[in-house]
Amino acid sequence: MLRFETAGESHGECLVATLTGLPAGVPISIDAINRDLRRRQQGYGRGGRMKIETDAAHIVSGVRHSRTIGSPIAILIQNRDWKNWTEALPVEDIDGGEDKKKPVTRPRPGHADLAGAIKYDFQDARYILERASARETTARVAVGALAKALLREFGIEILSHVLAVGSARLGRTATWEELVALDLKDEVLLRCVDAEAEAAMKAVVDEAYRTGDTVGGVFEVVAHNLPVGLGSHITWDTRLDGRLAQAIVSMQAVKGVEIGFAAEGAENFGSKVQDTIHYDREERRFFRGDNRAGGVEGGMTNGQDLLVRGLLKPISTLRRPLESVDLTTREAALAAYERSDICVVPAAGIIGEAMVAIVLAQAFLEKFGGDSLTETKRNYEGYQRQVREF
Ligand SMILES: Cc1cc2nc3c(=O)[nH]c(=O)nc-3n(C[C@H](O)[C@H](O)[C@H](O)COP(=O)(O)O)c2cc1C
């Protein structure tokens, strides 16, 4: 069982992640982890926080001489902003600390503030938003980079791009080669493969900046070079599509998920939607007329690229705040505002990559097992031989 956990608050000292269950011998590069952390920080529309942070992973266990040793991996990522919050959020109560607190008593519609304050019995929503914040996803991205390291050993690669920001859409599919080229670009604007569509997306973000508003959108994660048969049709909880959906919707602000062309499929007749099956006698392999299913049929990978989309609502902290109620006075009040992102769709794509990588690595290890990478590879190669001979 590959399992992970994260801890840490937005303005706490650091974020922590543990990952247990990677086989021994997987090559791990800190540079590759930090590269993904950097990719998560990018994109047009981010707030001031990302200018303060330069996220870097500090591995404290589970990796020696650049390879996993089979023990749980623990990673720390410092919050540089912590130095500005040591008095507001100390671990131990301090004398006179009351004045230094930065309470949030005007809950933001759309955030975790009100439901969390009621549920955990706090008059100050600060204690809720500190953990609800998507700063937590920094730890997920670090874990995702470890999952990608395993998958890469089997030629599986995962990338993402932006399909829509508000009403501005790409309006076509992107090829794997386009995604690879996009990933090599130094400057990330909205991580869209098409310059014209990206300019339209930027105009939407600019409008949100101008009007004190925020904007959501759609990202797509693509996993390339997958074997047939990760996940299974046999029970509800082994179906890969269901597990991917849970992983993607567990991301902050993601309210919908689509595998392949689900929405389009729901509007069309079956004859236009299913991916026809063909056979190449020379190469002795099956192939498909299209990839509208997004690489999953019956809860199993079918060997096509996996296409998973996340639909993000707009960020709920608005410079022009919405109506709310003050928790202390119960009087009508405008919602709290603190420095915030305006558009996070490109960053969400990177977090989506991490979540997809983790789910795929879990399904991969369920199928092929192994305490060492050598053993996993032997099992994988045996299965691939069986598939070739099918
Ligand atoms: C990459 C990323 C960055 C985010 N940044 C902010 C932010 O700056 N301000 C904010 O109010 N919400 C932000 N959010 C969204 C909130 O974390 C989220 O809306 C909140 O935790 C409530 O959860 P829910 O929207 O999933 O219901 C961000 C989400 C993501 C994925």
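**A sheet, a helix and a ligand shell**

Five bridges join strand E10 to strand E15 (residues 306-312), and the two run antiparallel. Strands here are DSSP runs of E, at least two residues, and helices are runs of H or I, at least four, numbered from the N terminus. Two strands count as paired if DSSP finds at least two bridges between them.

This is a predicted model: local features need pLDDT of at least 70, side-chain atom pairs count only at pLDDT 80 or more, and totals for chains, interfaces and linings use all residues. Residues are numbered from 1 along each chain as its sequence is written.

Within that pair, Val257 stands opposite Gly310 in E15. Both strands belong to an open sheet of five, in the order E8-E7-E9-E15-E10, with antiparallel pairing. Its edges are E8 (168-169) and E10 (254-259), each of which pairs on one side only.

Next, the helix. Which residues of H8 are buried? They are Leu240, Asp241, Arg243, Leu244, Ala247 and Ile248; buried means that 20 or more other C-beta atoms, placed from the backbone, lie within 10 Å of the residue's own. Seen down the axis of H8, the buried residues fall within an arc of 160° (taken from the directions from the helix axis to the C-beta atoms), so they line one face of the helix. They pack against E10, strand E13 (296-297), strand E14 (300-301), E15 and H11, with contact meaning C-beta atoms, placed from the backbone, within 7 Å.

Last, the ligand. Helix H11 (residues 345-368) gives the largest share of the shell around the ligand, three residues.

How values were computed. Buried ≥ 20, exposed ≤ 12 C-beta atoms within 10 Å, placed from the backbone. Contact = placed C-beta atoms within 7 Å.
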